Structures are given as structure tokens and as C-alpha cells.
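Here is a friendly walk through one protein chain, in questions and answers. Have the sequence and the 3D view at hand as you read.

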Amino acid sequence: MITAISPIDGRYADKVAPLVECFSEYALMRNRVKVEVAWLLALAAHPEFTACRALTPAEETRLRALVAEFSPAEAERIKALERTTNHDVKAVEYYLKEKIAATSLADVSELIHFACTSEDINNLSHALMLRDGLAVMRPLQQQIIAELAERAHRYRAVPMLARTHGQTASPTTLGKELAVFAARLQRQSQASDAVELLGKLNGAVGNFNAHVSAFPELDWPELARTVIEDELGLRQNLFTTQIEPHDYMAELFDALMRWNTIVIDLTRDIWSYISLGYFGQETVKGEIGSSTMPHKVNPIDFENAEGNCGLANALFGHLSAKLPISRLQRDLTDSTVLRNMGVGFGYSLIAYRSLLKGLGKLKLNEAVLAADLDRAWEVLAEPIQTVMRAAGIANPYEKLKELTRGQQIDAAILHAFIDRLELDEATRERLRELTPARYIGLAPEIADLLDGRLPPVAGKSA
């Protein structure tokens, strides 16, 4: 929408459209309805909860249909009720009572929201929203890892001059460097997947006070567990105040921040490789790189990914630092903050789509990599001095430093130096056979180790 304040709802709305079903206010209301219905069904099904009669199969179906058929129009009705109640969760309760008022379920309407505090409904709804959001985001994350892994295999043996501190350093391979990023991202995916989404359904301060006052013999923790775990697929947390403490959310947001931080690291490296000419970029017909310099093909997709990951992490960082803190048994500072979970997911999603688009436009320029290596014979000072150390030759580091540091070195100079060394002829020949492009250690083999760390990669090529 051209009048939107947030670019997520304006310029980038199409890129984050799947998150509407996860994090919009409509989605929050739908999940609140889902939790309220699940709790009512559980109460009605429990033989010791004598305040409610058993429901017929048709009545159960009618209640579940309130969730399955919930639409934005239904959400608007809740908003209308909220304008009177000035309380969002109470509006959901009144909405549900309204929906069953003219049905056979009218006699159980006062059992909707029985013994619940608003946070019982909200915390479970937020957990469901996070689960849905992760389900949208995870495929894109795995696609990024798969794209990097495929290139790691494809470029496993393509030699490349490394640059530590931005200066020429011992050669590596392009595939191995991409494998590093794939492995790092996979590790953080596993960390976020390992976070249990927790929930509570235990009343105003977490002790089942109201529940026990009405039915002291009923096993309330177990009944709540069946709703939280068996019906909603979350994990019960009994150690709460009025709110679920949100520690799991901090764990999740921290893991997502680390994922995005690695993406920032990756985009900056690829940006640098493009600047060095290692990669070119496919041109797009009609696309303009500069309003004044017609020749430019800018790495805008990687810059976009970097910027949006930064925005996402700013949100995730605040969520992680703020949400586990609540004064005494409850304050409301988390309420408005939680409404922004989807913003962090939205900026992340925009970043991931941009990164994938950028990766798809890259064209490797092996000639540039080869020429770069051929200008850097000084990097062979490392293996030569290491062989000298092994042979017991005095001051090898100092001798190579004097020969190479700040000097223009070529094969002839190095071979002349090797020929003067007190080494057996086989060792001297082995050193003479070295070139910067051949001095890559076990880089290809390290790239191949991805096979044991990641799911099979489609289209693997050596």
C-alpha cells in the first residue's frame, strides 16, 4: 500500500505476504479463538468437571468450526466488541458467547474462559504464532543452506586467494569458504529447532487458584497439559507467574539473531568478492544500476539482505532482552512488544529472499581468481619456511620474511631461493612444484565434509 508507514506493509508487502496468516492481528485473534475452544472442549470432556454436561459430536463439530471457519470478517466483529470492552481477550470471550447464543451450546456459554486469565489465552496464542512463523521461514533458510552447499560442492577445488586483514594470505578454495557459511547456518538452524515452545494455562498467578476453589479434586495441571501438549502441540511450563516467563522466546530470538548475523557476514564477503571481480552478476533487462553511471551492475540484493537482517536483529535483540523481564508477578510491558514479533520475521524474510535472488545472479570468473593467485607468489613463503623448520634449518621465518615482506615476488625468485637451501633434491623439487593455485591444503576435502552435516543436496556436482 502506497500510504503504509512500514515498508513491510508497503514496498515489501508481497514478499512477506505468508506472514499475514502468522502474525497479523487477525492471526492473533484466530489463535485466541482456537485456545478458548480447546479449553472449553477439554472441560466438557472431563468427567470430574461437573459444571459442564457432555457435548454431542455435532456440538463439538460446531465449536471446532468456529476455528476452522474464522475469517478476517469474524476478526472485525471482535474488534467491534473490543471498542466497548476496551479489552482484547474479553472481546474474544464475548464473541464466542455471541456465536453460540442461539444454538444448543447456549447453556455452556459461561464456561468459556473458565478460570482463565487473559495471559493463559495470549501466551498460547503467541506460541502458536511463532510456530506458524517458523514454518514459513524455515524453508527459505534451508534453501539458502542448500544453495550454498551446492556451490560449495561445485567450487570445492576452485583455488582462491584468501585475504586475512584484507591482505593476501594462504590460498583456499571458493567451495570451502562457502561450505563454512553453510555449516554455520545449519548449526544455528538446529539451535532454533531445538527451542521448545512453552505455554501455561494455570490462572492469574500460575497456581490454579480459581480452578482449585471450584473443583479441588480435579487434577488441573494434567488437564491443562492435555490442552497445551496434546491438543495444541506445545510444551507445558508449570513454573510461571501470571505470564509464561518468555525465556524460550529469548532463546529462539537469540538463535534467529545468530542466523541473521551469519547472513550479514556472508553478504559482506560476497559483496567483497564481487568488488574484486571474482563474481560477475547476471544483468536484468531494463534494470538500472546508477542514475548517472550506465555501466554499473550493483550488488543490491546482497546489500538489501544485509540491511534487512540488521533491522530484524534490532527487533529480535530487543525482544530477547525485554521479554524475560516482568515486574513481580506481571506487568504489561510485554504486551505491546509481543505485537512486533512478526516485524522481525518480516525483515528476515525480505533479507532471505534478497539473498537467494542475489545468489541466483552470480557468475564465477575463474580467470580473475587465477590471475589474482598468479600475482601472489609471496604466499608460498609459508610452506617453504615450514619445510625449512622441519628440516632443522636455522631462522627459516626470518629468512623468508627478508625475502618476501613488502617485495614483489615471482616464481623465479622463489625457485632461486629454494635451490640454495640445504635440502634433499626430492624435497626441493616438491617445493618447486608448488604454485599459489596448488597451495590449497585440504580445502576441497573440508568442503566435502558437508555431506555428513547437511541433508542431501540436489544437483550436487564436483
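Glu 196 has a relative accessibility of 40%, so it counts as partly exposed. Please keep in mind that this is a predicted model.

Q: Which residue forms a salt bridge with Glu 196?
A: Glu 196 lies in the loop between α7 and β3, and its partner lies in strand β4 (residues 235-236), so the pair ties together parts that are 39 residues apart in sequence. The closest N and O atoms of the pair are 3.1 Å apart, and the partner is Arg 235.

Q: Is Arg 138, which forms a salt bridge with Asp 193, buried or exposed?
A: The closest N and O atoms of this pair are 2.6 Å apart. Arg 138 lies in helix α6 and Asp 193 in helix α7 (residues 174-193), so the bridge ties together parts that are 55 residues apart in sequence. Asp 193 counts as exposed, at 52% relative accessibility. Arg 138 has a relative accessible area of 14%, and the cut-off is under 20%, so Arg 138 is buried.

Q: Which helices hold Lys 99 and Glu 74?
A: Lys 99 forms a salt bridge with Glu 74, and their closest N and O atoms are 3.2 Å apart. The bridge ties together parts that are 25 residues apart in sequence, because Lys 99 and Glu 74 lie in helices α5 and α4 (residues 72-85), respectively.

Q: How many salt bridges does a search of the whole structure find?
A: Side chains of opposite charge can pair when their charged atoms come close. A search of the whole structure gives a total of 37.

Q: Is Asn 202 buried or exposed?
A: Asn 202 is found in the loop between β3 (198-199) and α8 (209-214). Not counting residues up to four places away in sequence, Asn 202 touches Asp 120, Asn 207, Phe 208, His 211, Asn 237, Leu 238, Thr 240 and Thr 241. Its relative accessible area is 1%, so Asn 202 is buried.

Q: What is the phi of Leu 328, a residue that is not a glycine?
A: Leu 328 is placed in the loop between α11 (300-322) and α12 (333-338). With a relative accessible area of 74%, Leu 328 is exposed. Its phi is positive, at about 50°.

Q: Is His 113 buried or exposed?
A: His 113 has a positive phi near 70°, in a residue other than glycine. Its place is in the loop between α5 (88-100) and α6 (118-154). The relative accessible area of His 113 is 12%, so His 113 is buried.

Q: What is the area of the nonpolar surface patch made by Leu 442, Ile 446 and Leu 449?
A: Ile 446 has its place in helix α19 (residues 443-448). Ile 446 is partly exposed, with a relative accessible area of 41%. The patch made by the three side chains has an area of about 310 Å².

Q: What is the radius of gyration of the chain?
A: The chain has 19 helices and six strands. For 462 residues the globule rule gives 23 Å, and the chain is well over that, so it is more spread out than a compact globule. Its C-alpha trace spans about 100 × 55 × 40 Å along the principal axes. The radius of gyration is 31 Å.

Conventions
Residues numbered from 1 in each chain as written. Predicted model: local features only at pLDDT ≥ 70, side-chain atom pairs only at ≥ 80, totals over all residues. Heavy atoms only, no water. Helix = DSSP H or I, 4+ residues; strand = E, 2+ residues; numbered from the N terminus. Buried < 20%, exposed > 50% of the residue type's maximum accessible area, 1.4 Å probe, protein only. Contact = heavy atoms within 4.5 Å. Patch = residues over 30% accessible without salt bridge, like charges linked within 9 Å, V, L, I, M, F, W, Y side chains within 5 Å. Areas by Shrake-Rupley, 256 points an atom, 1.4 Å probe, with all protein chains shown as cover. Salt bridge = Lys/Arg side-chain N within 4 Å of Asp/Glu carboxyl O. Rg over C-alpha atoms; globule rule 2.2 N^0.38 Å.
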